[in-house]
Amino acid sequence: MPISKPIGLINHHHTHLRLIYLLLKLGLTFIAADLFGLSAPPALIYVLFFFEAVYVGLSFCFKNRYQYNEPLLFMSLVIDSLLLAAWLYLTGGATNAFISLLLLPIAVAAVALPQWAPWGLTLISTASYSLMIFVMPEHNMGDHTMDMRSHFLGMWFNFLISALIVTTSIAFIARKVRQKEAELNILREAQLRQEKLLALGTASAQMAHQLATPLASLRLLVDELHENQPVDGVLPDIEQALCRCEQTLTDLRSATQSIRENQQTNIIIPNLVDTLTQQILLLMPEVSLTTQIDINDNTMSLNMDTNLLPALMSLIENAARASHENNADYQVELSATIDNQYCCLSIRDFGTGISADLIAQIGENIIHDAKGMGVSLLLSHASLERLGGSLILHQHSDGGTVAKVLLPLKQAPTTFSSTVSKKNSHG
């Protein structure tokens, strides 16, 4: 599992601390042994220092590979603990005044790794300390054997308490810091997304204002053509496209006013599906939309503003386009169900599907793909978030992609009498 950047920075510094450990042990062993009462080490300690020097060198060479990887980092801390325990054993064992150095790998694990890691290192360090007390020769305790044994047992118990404090308190604080870091990352991403949406909204408003005049001119020209020429096969198509542009411009103006005044209304779920069906018939008659409503309470309603319908229409249009590219048919399935306290609107296409990498990005950021940049899905996602909803994309088991829209429910003040479970097709 990857580690966040700040935690990786701690691991980077721990690589340098590992070199300091080695230099400290060398200094204590060969320079300050008498000052701190360390036992004269056997010749085996030279072998230990050789392997530790090789280990430190390899740590610097491969630090970029393991410092962001939890299992590898844990293994490196286990090796640190074992090397410290071996040095302590060879320089006095439990009588070594620097026995508390065994707490350092535990502290690093408590800060940088999940909760299981410091507990594992605490078990290893405590077992090593216990073994050193068990194998400690009697002559190391002097004439007061019982008193010194009690003293060393007290040191062992004090070490155990210190390790438990480090494992619990520091790990708790580190977990809270990671949670705050994750929350800040989410807020930062949301802020960047809002900035992109603001830029898109500003550009859209400017372009919509510029389109008003040429659309009015086109309307006059089409009306003149109706008066002066008979209706042929081209003019109705022009009329239909022009009506759609005018309707979109009107909806944009209404949406702008609604956002400015923060206007919201209630709509019953079957009414919402019927409105979507009518809009599809009017604006996208080529789409074959199959609807299905499956709810138990026909009074359930949603909060909506003028952005909800365009957002859902955009999702249906994308689904129809994906189906058409795959099988030359604009087929879309729309179903409405209840999921806990949310209304779930599922829009399924019959296209080739979307790759897992793109699904993770679509709706969150502007992406660059051969079929577009995902701006419509980004705007739809933002519109749903304003209403407390969300958009989830996933692959359908039989092929194609499903856009799952979750919107919070609200009990409607009026009733709606109709068949709640229905299935109708048009195209």
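A nonpolar core is a set of buried Ala, Val, Leu, Ile, Met, Phe, Trp, Tyr and Cys residues joined through side-chain atoms within 4.5 Å. Buried means under 20% relative accessible area, with a 1.4 Å probe and protein chains only.

Before we start: this is a predicted model, where local features need pLDDT of at least 70, side-chain atom pairs count only at pLDDT 80 or more, and totals for chains, interfaces and linings use all residues. Residues are numbered from 1 along each chain as its sequence is written, and side-chain values use heavy atoms, leaving out hydrogens and water.

So, the largest nonpolar core. It has 39 residues. Leu77, Trp87, Leu102, Leu113 and Leu121 have the most contacts inside it. Which helix gives the largest share of this core? H4, with ten residues. Helices here are DSSP runs of H or I, at least four residues, numbered from the N terminus.

Look at Trp87. Leave aside neighbours within four places in sequence. Trp87 is then in contact (heavy atoms within 4.5 Å) with Lys25, Leu28, Phe49 and Phe98, among others.

H9 covers residues 269-283, and H10 covers 308-327. Their axes, lines fitted to C-alpha atoms over the stretch in contact, come within 11 Å and cross at roughly 60°.

How values were computed. Axes fitted to C-alpha atoms, helices over the stretch in contact; angles between N-to-C directions. Helix = DSSP H or I, 4+ residues; strand = E, 2+ residues; numbered from the N terminus. Buried < 20%, exposed > 50% of the residue type's maximum accessible area, 1.4 Å probe, protein only.
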